[in-house]
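Subject: Structure for you to look at

Hello,

Here is the structure I said I would pass on. My notes follow below it.

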Amino acid sequence: MNVIPRSRGRMPCGKHSILSISEKSGTLFSCGFGFFVFSKSTAKNFPFEIRKLKASIRKRRKKMNNLVKSIAENAAFVLEFLGIIVLMFLVALALEKVAQKKRGKKEPIFTTRKMAMIGMFSAIAMILHLIDFPVPFAPGFYKLDFSELPILVGTFAFGPAAGVMMEFIKILLKLCVKGTSTAFVGDLANFVIGCSFILPASAIYAFGKTKKSAVIGCVVGTLIMTIFGTAFNAIYLLPAFSKLYGMPLDAILEMGTAVNPLAKEGSIVSFVAACVAPMNLIKGAIASIVTMLIYKPLSPIIKTGHRI
């Protein structure tokens with residue numbers, strides 16, 4: 001039975017409508033506000049839009065399926081990742097409570113406004129995280145991004161615990177949008193090394209809340225991120241990357257030697273010193289300088305309605 005062409009137009013339907021296509025009888029296009037019924041001949045005028053919509057749905061489903069598959073294949077590593085997230089959050093919470101006690105000011109760790117601002121800064125950080133680019137002195141799988149900039153600003157405003165939350169939400173959003181291309185190794189690296197930067201910087205600032213403490217915090221945070229990030233890559237991340245991908249560690253080190261003459265062949269220490277340390281130093285320095293320039297003018301806007 002063919003669909004009658006006169007039935008074209010908007011008709012009422014339930015909230016939860018679906019899109020379905022019938023090759024024989026015609027096309028039913030429905031949305032949350034109503035549906036349109038077209039005859040087969042009329043539907044032929046709209047193939048591009050329908051195909052585009054279906055392709056978009058298939059693409060999103062494929063991304064989510066790949067993400068679920070990656071989690072299942074690397075379950076042990078994902079559990080380690082989650083354990084590190086919890087540990088970082090507990091450390092941040094303890095630092096914030098000690099800083100509040102020293103200043104003699106007790107305030108809630110999370111408020112409605114804080115949560116809203118955490119979401120906003122996390123979204124900005126995720127966008128900056130997606131806009132990454134390779135550096136000439138490191139292999140192509142190392143990418144530089146400036147996602148720590150909005151997180152550092154938000155952490156100065158709302159404390160270390162908020163900073164760890166922003167780092168976690170940033171990675172979670174990135175995984176939902178783009179998935180993982182490094183079996184979660186790169187995502188863990190970004191989270192942990194980011195926390196090694198924002199935690200000391202925000203903790204030092206939280207104890208003093210002065211421009212001097214902010215400068216000291218940024219310098220200390222950059223140095224800790226550089227040293228910790230370098231050691232973390234050598235001791236944990238590169239071996240984990242090698243194991244998960246079934247790639248010999250020497251092959252990864254050769255990739256560094258090929259682009260950076262300072263990375264000696266077969267030496268993981270010279271690899272991380274020549275390729276990883278400069279990248280973390282550049283990242284921390286730029287995020288710190290920009291934060292120092294923009295935080296004071298933005299602070300009243302960020303904290304409007306926030307109890308200090």
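The structure, a predicted model, holds 6 salt bridges, each being a side-chain nitrogen of Lys or Arg within 4 Å of a carboxyl oxygen of Asp or Glu. One of them joins Lys 283 to Asp 145, with the closest N and O atoms 3.8 Å apart. Lys 283 lies in helix H10 and Asp 145 in the loop between strand E5 (143-144) and H5, 138 residues apart. Helices (H or I, at least four residues) and strands (E, at least two) are DSSP runs, numbered from the N terminus.

Lys 170 pairs with Glu 148 at 3.2 Å between the closest N and O atoms; Lys 170 is in helix H6 and Glu 148 in helix H5. Both Lys 170 and Glu 148 are buried, meaning under 20% relative accessible area with a 1.4 Å probe, protein chains only. Asp 145, Glu 148, Glu 167, Lys 170 and Lys 283 are linked in a network of salt bridges.

Asp 187 in helix H7 and Lys 174 in helix H6 also form a salt bridge, 2.9 Å from N to O. Asp 187 counts as buried at 2% relative accessibility, and Lys 174 at 10%.

Of the 308 residues of the protein chain, 43% count as buried. The secondary structure comes to 10 helices and 5 strands.

On conventions: residues are numbered from 1 along each chain as its sequence is written, and side-chain values use heavy atoms, leaving out hydrogens and water. Local features need pLDDT of at least 70 and side-chain atom pairs count only at pLDDT 80 or more, while totals for chains, interfaces and linings use all residues.

Regards

How values were computed. Buried means under 20% relative accessible area, exposed over 50%, partly exposed in between (1.4 Å probe, protein chains only).
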